[in-house]
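The following exercises concern the contact between two protein chains. Each task is followed by a worked solution.

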Amino acid sequence: MFKSLADWINDRTGYRALADQAFNEPIPGGARWRYVFGSALATVFCMQAFTGLLLMTAYSPSSSTAWGSVFYISHVMWMGWFIRGMHHFTAQAMIVLLALHVLQVLLAGAYRRPREFNWWFGMALLFVTLGFSLTGYLLPWDQKGYWATKVATNIMGGAPVIGPSLQKVFVGGVDYGNQTVTRFYGIHVGLLPPLLVACLAAHIALVRRHGHTPPQKAPATPSPAWPEQVFMNLVASVGVLSVIILVVLAHGGANLDAPADPSNGDYPARPEWYFLSLFQFLKLFPGRLEAIGTMVIPGAIVLVMLLLPLLDRILPRSFAHFLACGFVFGVLGGAGFLTVQAIRDDWDDRPFLAAREKADQARLRAIALALDPGVGVPPEGAGYLLARDPLTQGRAVLEKRCLGCHVHDGKGLGTQSASDLARFGTRDWLRGMLENPGAGSYFKHAKGCDGMMEWKRTTKLKPNELDVVADFVAGFASIPDDVEPTEWLNQKEVAEHPGLKLFQNDCGKCHVIDGLSEGGLRDAPGLFAWGSPRWFARMIRKPDALDRYGYLETSNRMPAFGTDQVSDADLNMIIRYLKDDYLKPAAAPAQAR
Amino acid sequence: MLRRELLARLSAGLGAALSLPLLIPGIAYILSPLRLRREQGGFETLTRLSELEVGKPRLFFIQQERRDAWVKYPREPVGSVWLIRQPKGANPPVVALSSECPHLGCAISLKDESKGFICHCHASAFDLSGKPENAAPPRPMDTLEVALGNDADPEIRVKFERFRTQSEEKIPLV
């Protein structure tokens, strides 16, 4: 039954002859392990096509969605981390195998007449593969891909005459953005694969035409590829696959850095390891000589590689072979040396390590936020993931703008001249201050701010009454933005609060609240809605207002911050950060899956 | 010949070893959506009883937070329901009908002069209680759970759910 169906198909397609051709290719000198590279490469390419196709079903190419979709693949989808990890590391395996294949062809002298075109197609395959790496690196739109690719396209832009236009076309404009992603994606999945298949087909057809290059002492009679050579090829491919799987498992899949952030100045950009030698080479040519490192020498090396098969025409055959091998090993040795040097340079480069550490924290934070059911990636895009995280953004702005004077949990960046802002606006902060306003974390360091210390010396309130007042004042923080003092005082919870009277009689001697207290004993900031976003915003924007610290001497006063220094969104981030209103980092950092 | 045979068998095994480690995860990857569960929303407040006229259906939007794969959306309309106030004394006093057609999921709208409901995709027709009026829909319009407050003019709250289309029974989508 099965056989007759097969016959029926064979009669109409002749597939058996095709299969026969494929499997029974005559191998000159018999099956050999050294012939396995080509088929291992073909296998690896098929793996890339397969995993790549799977990734395409989940990847979303735009600057706002790319990171989120890759995150989703790696952290949510079944086996997504594995599929993406395989794609990531198989790409690297492909480079390694290509290099080994080139070496083997070179040593065997298989690039020479009449196989010049084999060599050239092989070189074309090498460049197409590098093209895959370069374009693929950007697609997750994370910090790593963003910065590394930016460097690469800037190098392209340095090319004479057409450089700038070429760069603009590739990048899809002057700035990196949506068009960059779609263009790179198009090249990666639409242009390069058919190109690679075409080169591969031509390469294989030529290998078939000329046969493998047997070693000199090999027996003259060829033997068919099936089963011995096929078996060897399969063993090699399975070997390669196993190594890749082990690497993927060891790394727990491919890394995903924090979402691309064009404003982040200190990201330690590094290319993928096989470009590290070029990266290091560049450092040898500072300033105006740079083009020599980026274009002239690499270009010359490529040119020589392409011309190697023609060397025979002007030099004796074996001498040309010797020169060719010498050249390629020289280049590889140099590249190896530079790679090691690049790695060692980074090894004890403290600023680099610190920046990398920071980048890793951002990465883990971004992933934790995206995973959290209550947070997730904002609809505007992954670029806003960390910018809307109080722990990241609030802390960053606080460090940049405020910690020169203030401290946070005791930590500041200069000589302390103002309070500790940790948990500012909460009952904790308030109760602590009422206990000891002269403490270092309150008004000890703020010049001219001795009002609460004066109050402390004279007040008759007992600790339990302080608790009640603290409860009352801590409630100010939740007064909505559109509620006026009189409306607020009319609310039942406020009017009947036991702290109201205490506040009026004691605190009200200095602190004015319309309709509740008159002040007058000495100047003091207004406390209505203290700790709420509006109180806070006014404190930051107009510390010199009469209901803030306008009564102080200018030199003692906190400077005002306009929206150009602290945007409204950032202000909100600071407020939430100070009140600990954000997703708490897990005790153990989320595993890099 | 024995050697040939052995190599052939080993090759077959190696072929499997080469394809399965990618094929099996690949299938799992494609099947990932099967792992997802729809978040079951609670009751959403839509309006107050006094806003509804007896026997006159009105369409209300359901606002919910939503997660679409990696994106978290703030509260926004995710669906709509028809609310129909019943004559005095009826239980329940308000009926909520999902506006999603049980046939193939298109949106159900009101017929001219509010005499019933119609789905413009395949002309499924229903009367004002949601009962089918022709053979297109497999079942009546889907009723949703309604909860009313206790005051004189109670808030109307509806539990929004979606159901499998094309089936004669009302099966919630999870």
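**Exercise 1.** Into which domains is chain B divided?

*Solution.* The model is predicted. Chain B comprises domain 1, residues 1-39, and domain 2, residues 43-159. The C-alpha centres of domain 1 of chain B and domain 2 of chain B are 49 Å apart.

**Exercise 2.** Describe the extent of the contact between chain B and chain A.

*Solution.* Begin with the residues: chain B contributes 30 residues and chain A contributes 43 residues. Next, consider the area. About 3100 Å² is buried between the two chains, and carbon and sulfur atoms account for 75% of this area. Finally, turn to single residues. Leu22(B), Tyr29(B) and Trp70(B) provide 29% of the area that chain B buries against chain A, more than any other three residues.

**Exercise 3.** Identify the polar interactions between chain B and chain A, and then the elements of chain B that take part in the contact.

*Solution.* First, count the pairs: nine residue pairs, both at pLDDT 80 or more, are in polar contact between chain B and chain A. There is also a count of one salt bridge between these chains. A salt bridge joins the side chains of Arg3(B) and Glu228(A), with an N to O distance of 2.0 Å, under the cut-off of 4 Å.

Second, assign the elements. Helix 1 (2-30) and strand 3 (71-85) of chain B each give two or more residues to the side that touches chain A. Helix 1 of chain B gives the most, with 18 residues.

Third, classify the residues on this side of chain B: 21 are nonpolar, four are polar and five are charged.

Note on methods: Residues numbered from 1 in each chain as written. Chains lettered and ligands numbered in written order. Predicted model: local features only at pLDDT ≥ 70, side-chain atom pairs only at ≥ 80, totals over all residues. Heavy atoms only, no water. Contact = heavy atoms within 4.5 Å. Buried area = accessible area lost by both parts, 1.4 Å probe. Polar contact = N/O pair within 3.5 Å; in protein donor to acceptor, adjacent residues only side chain to side chain. Helix = DSSP H or I, 4+ residues; strand = E, 2+ residues; numbered from the N terminus. Nonpolar A, V, L, I, M, F, W, Y, C, P; charged D, E, K, R; others polar. Domains from an automatic or database assignment.
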